[in-house]
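Please examine the model below with attention to its covalent cross-links and its nonpolar core.
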Amino acid sequence: MQNPQAIPGLFPPGLVPIDLVKCWSSLFTVQGCVLAISNSFFSGKFENVEAACCKVFSTLDANCWPHMFPLNPFFPPLLKDNCARIIPNSPTHN
């Protein structure tokens, strides 16, 4: 399992706020989820985000999103909408 502090380029070393770690921590429970989301963030393509990752992402508190994706506030709703297509019963963004 990866540590959020170990993802190059996402966080300055030693400056990861505790609440942000809580927001990301559930995504680290699904193997490859953080990598798939990171790839989607940078490429704009969502085909590598699998159902298990979508399930976890759909349970995140929407208050985490501005902290997780401060440079692109439009990304979380796009990912959530994409996940709603993969998992038909998942809720759409709040």
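A disulfide is a pair of cysteine sulfur atoms within 2.5 Å. The model discussed here is predicted.

Q: How many disulfides are there by this rule?
A: One joins C23 to C64, with an S to S distance of 2.1 Å. Another links C33 and C53, whose sulfur atoms are 2.0 Å apart, and C54 and C83 form a disulfide at 2.1 Å. By this rule the count comes to 3 disulfides.

Q: What is the handedness of the disulfide of C23 and C64?
A: Both cysteines, C23 and C64, are buried. The torsion about their S-S bond is about -80 degrees, so the disulfide of C23 and C64 is left-handed.

Q: How many residues apart in sequence are the parts tied together by C23 and C64?
A: The bond under discussion is the disulfide that joins C23 to C64. C23 lies in helix α1 and C64 in the loop between α3 and α4, so the pair ties together parts whose separation in sequence is 41 residues.

Q: Which helix holds C83, the partner of C54?
A: The torsion about the S-S bond of C54 and C83 is about -75 degrees, so this disulfide is left-handed. The pair links distant parts of the chain, 29 residues apart: C54 is in helix α3 and C83 in helix α5.

Q: Which residues is M68 in contact with, leaving aside its neighbours within four places in sequence?
A: M68 is among the residues with the most contacts inside the largest nonpolar core, which has 25 residues. Leaving aside neighbours within four places in sequence, M68 is in contact with L20, C23, W24, L27 and L60.

Definitions and conventions
Residues numbered from 1 in each chain as written. Predicted model: local features only at pLDDT ≥ 70, side-chain atom pairs only at ≥ 80, totals over all residues. Heavy atoms only, no water. Core = buried A, V, L, I, M, F, W, Y, C linked by side-chain atoms within 4.5 Å. Buried < 20%, exposed > 50% of the residue type's maximum accessible area, 1.4 Å probe, protein only. Contact = heavy atoms within 4.5 Å. Helix = DSSP H or I, 4+ residues; strand = E, 2+ residues; numbered from the N terminus.
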